[in-house]
Amino acid sequence: MHQAIQNILGDKRFYELLLGFDRQIADAAHEGCCQRCGAKLHSGSYERKPRGVPAGLGPEHCERFSFCCAARDCRKRETPGSLRFLGRKVFLGAMVVLITAMQSGLTPARVQQLQALVGVSRRTVARWRDWWCRVFTESPFWRAHGALVPPVRTADLPASLLKRFTGDIEQQLLSLLRFLVPITTGVGLMRAI
Ligand SMILES: [Zn+2]
């Protein structure tokens, strides 16, 4: 399991896949119109500086797709959901999911490997765990969508949630990231850590 997770986090193909999903979400959003005034939307993507992204990926992997209302007196920003950027967290959502999921069995050697791979500290991982156990579980999103049968053990989040999705670990991760899209932006956006 740990090796499979490390493979995914170092796999450029996986990041291309996530980028493709985000493009689809963004294209669908672009076809819509401003929710405040109904005008068209212009592209207003901006640069993020995600940490831990493998070297050799293009600048588009740091681009947060976003739009601005074309009406001069409105200019409302519309940022669609994302499988890559989990709110304002500096690490990509896939890392926040996978590394927290594997943290319970982390030996010092594993922590060193992870630090080398994505540059994450043990303290950051502890903060992520706290975010999953407290901020996430107390959110309106989880109250609305977390009533799974049988109930998910919240102390084991996000590993317990990952296991509810079918397929191999990569498919489970993709399903979970899709599930989380509503909390990556807008009114569902959750407190950053
Ligand atoms: Zn507008």
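Let's start with a pocket. The lining of the second largest pocket divides into 2 nonpolar, 5 polar and 3 charged residues. Here Ala, Val, Leu, Ile, Met, Phe, Trp, Tyr, Cys and Pro count as nonpolar, Asp, Glu, Lys and Arg as charged, and the others, Gly among them, as polar.

Before I go on, two remarks on the source. This is a predicted model, where local features need pLDDT of at least 70 and side-chain atom pairs count only at pLDDT 80 or more, while totals for chains, interfaces and linings use all residues. Residues are numbered from 1 along each chain as its sequence is written, and side-chain values use heavy atoms, leaving out hydrogens and water.

Back to that pocket. Which residues line the second largest pocket? They are Tyr46, Arg48, Arg64, Thr79, Gly87, Arg88, Thr184, Thr185, Gly186 and Leu189. The space in it is about 160 Å³. A pocket is an open set of points on a 1 Å grid over the protein atoms alone, where a 1.4 Å probe fits, with protein on both sides within 12 Å along at least five of seven lines; lining residues have an atom within 4 Å of a point. Volume is the space filled by probe spheres set on the points, which are joined across faces, edges and corners.

Now the largest pocket. It holds about 350 Å³ of space. Its lining has 16 residues, and nearest the centre lie Gln35, Glu78, Thr79, Thr185 and Gly186. By class, the lining of the largest pocket has 7 nonpolar, 6 polar and 3 charged residues.

Next, helix packing. Helices (H or I, at least four residues) and strands (E, at least two) are DSSP runs, numbered from the N terminus. Axes are lines fitted to C-alpha atoms, for helices over the stretch in contact, and angles run from 0 to 180 degrees between N-to-C directions.

Take H2, residues 12-31, and H8, residues 169-180. Their axes come within 12 Å and cross at roughly 30 degrees. That makes H2 roughly parallel to H8. The cut-offs: under 35 degrees is roughly parallel, over 145 roughly antiparallel, 65 to 115 roughly perpendicular, and the rest oblique. From H2, the contact (heavy atoms within 4.5 Å) uses Arg13, Phe14, Leu17, Leu18 and Phe21, and from H8 it uses Glu170, Leu173, Leu174, Leu177 and Arg178. That gives 7 nonpolar, no polar and 3 charged residues.

Met95, Val96, Val97, Ile99 and Thr100 of H3 meet Val125, Trp128, Arg129 and Trp132 of H5. The classes are 7 nonpolar, 1 polar and 1 charged.

The angle is about 165 degrees, and the axes are 11 Å apart. That makes H1 roughly antiparallel to H3. His2, Ile5, Ile8 and Leu9 of H1 touch Ala94, Met95, Leu98, Ile99 and Met102 of H3. Here we have 8 nonpolar, 1 polar and no charged residues.

Last, the backbone. Is the peptide bond from leucine 157 to proline 158 cis or trans? It is cis, with omega near 0 degrees. Proline 158 sits in the loop between H6 (140-145) and H7 (159-162). Arginine 75 is not a glycine, yet has a positive phi of about 60 degrees. Arginine 75 lies in the loop between strands S4 (67-69) and S5 (77-78).
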